[in-house]
Structure formats: C-alpha cells, structure tokens
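Please read them with the sequence and the structure open.

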Amino acid sequence: MIHHDIATLRRLLDEADHVCALTGAGVSAESGVPTFRGDGGLWRDHDPTRIATIGAFRRDPALVWEFYNWRRALVRSVAPNRAHLALARLERRVPDFTLITQNVDGLHPAAGSERCIEIHGSLWRVRCTACRAVYEDRAEESAGDLGPAPACARCGGLLRPDVVWFGEPLDPLLWTECVEACTACDVLLVAGTSAAVQPVASLALEAKSRGAVVAEINVEQTPQTRYMDFVLRGRAGEMLAALAPED
Ligand code: BJW
Ligand code: ZN
C-alpha cells in the first residue's frame, strides 16, 4: 500500500537513525536548471541525453564543450532552492545521513550539505583525456566559459568535464559508498529523478529489499512509483521543506 501522508513520513524521519536521500535534476529545477528529460529539456535543437555521451564528445568535442560551457554559466547564475536547503537541514538533524545526487551542478554542497556523493561527477571539475589529471575549476574570470577546446596545463591534452557519460563506469569507491548507505538506511527519500538511468536507479529497489522505507518525491509518476511506500506528488522544494521545516 502506498501512503501519501507527509506527517507520517516526517515522524519516520524524526525517529530514524540512518537516512539517505537520492536526488536528480528535478531538485534543481526550481533553481532554474533545466532537467534532462521532459518539457524544457532541449538545449537548442539537441537532446541533452545525446550530447552527454562519450560518442558525442569524440565526434564533436567543441559542440559538447559549448553545451557544458552554457550549463556552467547558467548554474553560476542560480542559487540553491528550498529543496537543497531542506536536505542540508535534514543532514544536521539525523544521526547518520547520506545524500547521493546525480546532479553535477554543485547546488547541494552550496546549500550546506556536507556528506554529498556526486555520483555523476561535477561541472566544476575537468580532467585531461590524455594524462587524466583532474582540475577543480570554477573559471571565475571567464564566467564559467572554458572555450571550445580547453587544454591541460600539464600536457596540453584536451580537457573534458569530469562527469559520467552514458557507457562510462561510475567511480567504484563512490558507488560502493552509495550501495552501503542504501543497504543500511531506515528511510530513503528519492526526489526529482525520472529513475531512468542505471545503475543509480537500482539503489531505491536495493534499499527497499533491505527493509528501508522508500519515498518518492516527484511532480510526476516514475517507473518506480509502484514500489514506493510513500509517494509525495508535488514540487521537491515544497515537499522537502515540509519534511524538514526550519526550526
Ligand atoms: C521534479 C520537479 C520538481 C521536475 N520537483 N520533481 C541497465 C539497463 C539498461 C541500460 C543500462 C543498464 N545499466 C547501465 C545502462 C546504460 C546506461 C543507462 O542507464 N541507460 C538508460 C537510459 C537506459 N547507464 C550508464 O551508461 C551508466 N554507466 C554504466 O552503467 O556503466 C557500466 C560500465 C561498467 C564498466 C565499464 C563501462 C561501463 C552511466 C550513466 C551516466 C548518466 N549520465 C548523465 C549525464 C551526467 C553529466 C551531466 O549532467 O552533464 O547523468 S545522463 C543524465 O541522466 C544525468 C542525470 O544525472 C541522469 C538522471 O537524470 P535525472 O536526474 O533523473 O533527470 P531527468 O531529467 O531524467 O528527470 C527529472 C525528474 O524530475 C522527472 O521525473 C520530473 O518529473 C521531476 N521533476 N521538476 C520534483 N520541481
Ligand atoms: Zn594532461
């Protein structure tokens, strides 16, 4: 049976020792960051899920960099929203809290989340396709725009965003942390994700099979809705603020 009652879920969160949250692009939507799928997902005429691939980068690195430069500039101009802030508050209230985000925008850390696994990487790191050097890079002076073919300071190789594209493996250490957190948690909140991308989507079912209470927070139904114990149908900002209200 699926519950829809915020007060009951809030009580479960108050009583829980181990809580996880898994977030996706919908959590940043209220900050003005476009999601990948659904309305408003297009970048110019391109489907972002076709640009965020290693194949696209090999074919046309300048086009892929144009997309990432555009996103970096966009994210620099926005701020964390009520959803990010509520999850940062929840972390401070729960004895053991792990936030797993698929988002690469850095808005969870910016909101004050300290234990945040950015499992698909970060817009604010780049790495060299030749020597694999990794650079933290916020490009203050260029407003986020690294140009069409940024070069490695060490070897001159082509840099790429340090994100995980389709067909690429996740960082194995971070992935192990995600699985451990989801198998040990009492409650898992799954917010603003279409649950379409593996292996991250499997974490919710893993948590459920280990006995966690799983709750979906989304404006729409997902393929996982029917497995949920709680479904809060609405915007992540409003729902998460109700689950973790300000003192
Ligand atoms: C709101 C809201 C509001 C809106 N409030 N809600 C098993 C079966 C089939 C395929 C595979 C499989 N295992 C692996 C695959 C292949 C592939 C995959 O999953 N494909 C499927 C699409 C079919 N997976 C991979 O390739 C992964 N790698 C891998 O498995 O490696 C294996 C390997 C091992 C060894 C060697 C080699 C390989 C990697 C996946 C990487 C995904 N990368 C991206 C880009 C990251 C960089 C970047 O951001 O630029 O990650 S793609 C994109 O999708 C991005 C996102 O993190 C990810 C998930 O999207 P998300 O966050 O769910 O966003 P949306 O837009 O889909 O949904 C938004 C949701 O919010 C919607 O539900 C809205 O309703 C909701 N919403 N406003 C609340 N206000
Ligand atoms: Zn290099």
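Which ligand 1 atom does a polar side-chain atom of Arg37 lie 2.6 Å from? The answer is an oxygen atom of ligand 1.

1. Basis of the note. This is a predicted model, in which local features need pLDDT of at least 70 and side-chain atom pairs count only at pLDDT 80 or more, while totals for chains, interfaces and linings use all residues. Residues are numbered from 1 along each chain as its sequence is written, chains are lettered from A and ligands numbered from 1 in the order in which they are written, and side-chain values use heavy atoms, with hydrogens and water left out.

2. Ligand 1. There are 34 residues around ligand 1, and Arg37, Tyr68, Arg71, Gly167 and Ser194 come nearest (a residue is near a molecule or strand if one of its heavy atoms lies within 4 Å of it). The side chain of Tyr68 has an N or O atom 2.5 Å from an oxygen atom of the ligand. On the backbone side, a polar atom of Val164 is 2.8 Å from a nitrogen atom of ligand 1.

3. The sheet. Six strands make an open sheet with parallel pairing, in the order S3-S2-S1-S7-S8-S9. Strands S3 (116–118) and S9 (230–233) are at the edges with a single partner strand each, so one side of each has no neighbour in the sheet. From one strand to the next the twist averages 15°. Helices (H or I, at least four residues) and strands (E, at least two) are DSSP runs, numbered from the N terminus; two strands pair if DSSP finds at least two bridges between them.

4. Strand S8 and its partner. S8 (residues 213–218) runs parallel to S9 and is joined to S9 by four bridges. In this pairing Ala215 stands opposite Phe230. The side chains of Glu216 and Arg233 also meet in a salt bridge, at 3.5 Å from N to O (a side-chain nitrogen of Lys or Arg within 4 Å of a carboxyl oxygen of Asp or Glu). Glu216 lies in S8 and Arg233 in S9, so this pair ties together parts 17 residues apart in sequence. Glu216 counts as buried at 3% relative accessibility, whereas Arg233 is partly exposed at 37%. Buried means under 20% relative accessible area, exposed over 50%, and partly exposed in between (1.4 Å probe, protein chains only).

5. Other salt bridges. The whole structure has nine salt bridges. In one of them, the closest N and O atoms of Asp247 and Arg93 are 3.2 Å apart. Asp247 is in the segment after helix H10 (236–243) and Arg93 is in helix H6 (residues 82–93), so the pair links parts that are 154 residues apart in sequence. Asp247 is exposed, at 92%, and Arg93 is partly exposed, at 38%. Glu168 and Arg160 form another salt bridge, with a closest N to O distance of 2.7 Å; Glu168 counts as buried at 19%, as does Arg160 at 4%.

6. Gln102. This residue is in the loop between S2 and helix H7 (107–111) and is buried, with a relative accessible area of 13%. Its side chain makes a polar contact of 3.0 Å with that of Thr193 (a pair of N or O atoms within 3.5 Å; within protein, one must be able to donate a hydrogen and the other to accept it, and residues adjacent in sequence count only if both atoms are side-chain atoms). Leaving aside neighbours within four places in sequence, the residues in contact with Gln102 (heavy atoms within 4.5 Å) include Leu22, Ile119, His120 and Val200.

Notes
Axes fitted to C-alpha atoms, helices over the stretch in contact; angles between N-to-C directions.
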